[in-house]
Amino acid sequence: MNQNRRDTSPWTGWLVLALATVCASWTAVADAADPPQRRAVSIPLHEDINPLSGAIFQRKFQNAIDQGVDVIILDIQSPGGWTMVTLEMMDTLLDAEDVETVAYIEKDAISGAALFALAADKIIMHPGARIGDAGEIVMGDDGAFRYTEAKSRSVLAQKARDTAQATGRPPTLAEKMTHKDMVVYRATHRDDGTVDYFSDQEWESRTDIDQWEKGKPVREAGADMFFIANGTRAVELGVADQTVESRAELYDVLNVKTPVPEMQRTSMDTVILVLNSGFVAFLLILLGLIALGFELSAPGLGVGGLASLLCFGLFFWSRFLGGTAGWLEVTLFACGLMFIAAEVFVIPGFGVAGISGLVLTLGSLVMASRRFVWPANAAEMADLGNDVLIVLGAFFGFLIALVVMANYISDIPGLSRLTLKPQLVPDPATAGGINPAESSSPAWQRIAIGTVGRSVSPLRPSGRVQVGDDFLDVVTEGDFVDPDVLVKVVAKQGARVVVRSIDG
């Protein structure tokens, strides 16, 4: 009996092996027929393309990459916008690795939004949606929009061709989105029946014309028009990959898990949008300058310095995340403040350092709101004028606030020098070294070197001292002096009075 078992065991092994092979084949067939669903997220682009929306998109796209999703659905419904921002967003899609990007167009992807869609791995559209019309236009000096100059058109047209070629779409139709003066023809290869599209210029320059049969012009790509097509036609021409009637069908086509999370605008995005608005930017600059004036009147980190730091910190932070500012603007702003501080506390009068500091400070605030170094057209000039108006308006508002505070809050240290006030005639017995005959002149003019007074506020290094019945603003040689300390005038440079402690 044991011998019989040994004889049948090889047959049993072969049977088990055959069953395992069949099961594995069935499993492979089942997996091929029904592959596992993929993870996806949706990023909406339902506004014009500008530096702020472009920066928000870049953050959301990177966040999706960090999540390790398989598919990123770009829900596009946009009229386009800034050319440079569009090109940066296109490069982001082209450089993405290990993730499939899908441009879903439910309504319209026009101008820069159409070029942005070309950079995606797939374009899926609603049959009635539209894509195209990406000609670059600028505002002329008369306020009318015009077709851009040839140099700018050439760069955009080449970018459209390169992008379409990289994503497997007809380069000539992509170029036609940006070029209205060319005509595109449908051509069929005589040997293998391959269909391609050529412009009239391309057809004249080809050396293999005899291998192609030239057809009629494409209806949507005729003379004096930019290429634009609905979803059904875009699929026929090879610009789009597929049409769907609903989002549910889209998710089924892409084989992604539902519900697909949508990366909506976060509270931080909303805060950035609010801080980048013109009115809020005006308030931040105005309040920051007023707080800075308080701080310069009484050096040392106080409430004014903290408030100014908060206002300008929020201003530059929102510009950083909005994509319009960098470290250059912050550096220029800090240098401007240092120049102004040097003018106030070190250099007498108001000269080159003060003017340079003012120009650097205000100029950096304008630069922080712009993506371009110098306006290239009337539209950019109008945007620049608006930013300059906001900054200068805040600055003049700051000057008005200083005058008001000097008139009604005259006890604030440092602000009294902005107004002329009548001087009290001192008692000769308590003049403390001041000539009564000269009492009508400002106190700083009547103070002589060697005059002794008493500090009435901390000198850090500037503050106020009392000489007789007069109060005047002074600075020390760099030392900090506490209140109620005897000091002596050791130097005068115009209205700048320098004192030194003589207690002890």
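Figure 1. Two strands count as paired if DSSP finds at least two bridges between them. Angles run from 0 to 180 degrees between N-to-C directions, and axes are lines fitted to C-alpha atoms, for helices over the stretch in contact. Strand β16 (residues 486–493) is joined to strand β17 (residues 496–501) by six bridges, and the two run antiparallel. Q493 stands opposite R496 in β17. Strands of a sheet pair through backbone hydrogen bonds, either parallel or antiparallel.

The model in all views is predicted, with local features needing pLDDT of at least 70 and side-chain atom pairs pLDDT 80 or more, while totals for chains, interfaces and linings use all residues. Residues are numbered from 1 along each chain as its sequence is written, and side-chain values use heavy atoms, with hydrogens and water left out.

**Figure 2. The protein has 16 helices and 17 strands.** Both are DSSP runs numbered from the N terminus: helices are H or I with at least four residues, strands are E with at least two. Of the 504 residues, 42% count as buried. Buried means under 20% relative accessible area, exposed means over 50%, and partly exposed lies in between (1.4 Å probe, protein chains only). Contact means heavy atoms within 4.5 Å. Among contacts between residues at least 6 apart in sequence, 61% join residues at least 24 apart.

**Figure 3. The largest nonpolar core holds 51 residues.** Such a core is a set of buried Ala, Val, Leu, Ile, Met, Phe, Trp, Tyr and Cys residues joined through side-chain atoms within 4.5 Å. I72, L74, I123 and I131 touch the most other members. Helix α4 (residues 112–118) gives the largest share of this core, six residues. Leaving aside neighbours within four places in sequence, L74 is in contact with I43, F57, L93, V102, A103, Y104, F116 and A120.

Figure 4. Two packed helices are described by the angle between their axes and the distance between the axes. The axes of α2 and α3 come within 10 Å and cross at roughly 10°. The two helices are therefore roughly parallel to each other. Angles under 35 degrees count as roughly parallel, over 145 as roughly antiparallel, 65 to 115 as roughly perpendicular and the rest as oblique. P51, G54, F57, Q58 and F61 in α2 meet V85, E88, M89, T92 and L93 in α3.

The axes of helix α2 (residues 51–67) and helix α10 (residues 267–275) come within 11 Å and cross at roughly 160°. That makes α2 roughly antiparallel to α10. Their crossing is right-handed: the near helix is turned clockwise from the far one by less than a right angle. On the α2 side, L52, I56, R59 and K60 meet M268, D269, I272 and L273 of α10.

**Figure 5. L87 sits in helix α3 (residues 83–95).** L87 is buried, at 15% relative accessible area. Residues up to four places away in sequence aside, L87 touches L156 and K159. L87 and A160 are 73 residues apart in sequence but 9.6 Å apart in space, C-alpha to C-alpha.

**Figure 6. An open sheet of three strands runs β9-β8-β10.** The pairing is antiparallel. β9 (195–199) and β10 (212–217) are the edge strands, each pairing on one side only. Neighbouring strands are turned by 35° against each other on average, direction ignored. Strand β8 (residues 184–189) pairs with β10 over four bridges. A187 stands opposite K214 in β10.

**Figure 7. Backbone details in two loops.** Most residues other than glycine have a negative phi, and most peptide bonds are trans. A cis peptide bond joins T258 and P259, with omega about 0°. P259 is found in the loop between α9 (247–254) and α10. N255 is found in the loop between α9 and α10. N255 is not a glycine, yet its phi is positive, near 55°. N255 is partly exposed, at 22% relative accessibility. D133 lies in the loop between β5 (130–132) and β6 (137–139). D133 has a positive phi of about 55° although it is not a glycine. With a relative accessible area of 32%, D133 is partly exposed.
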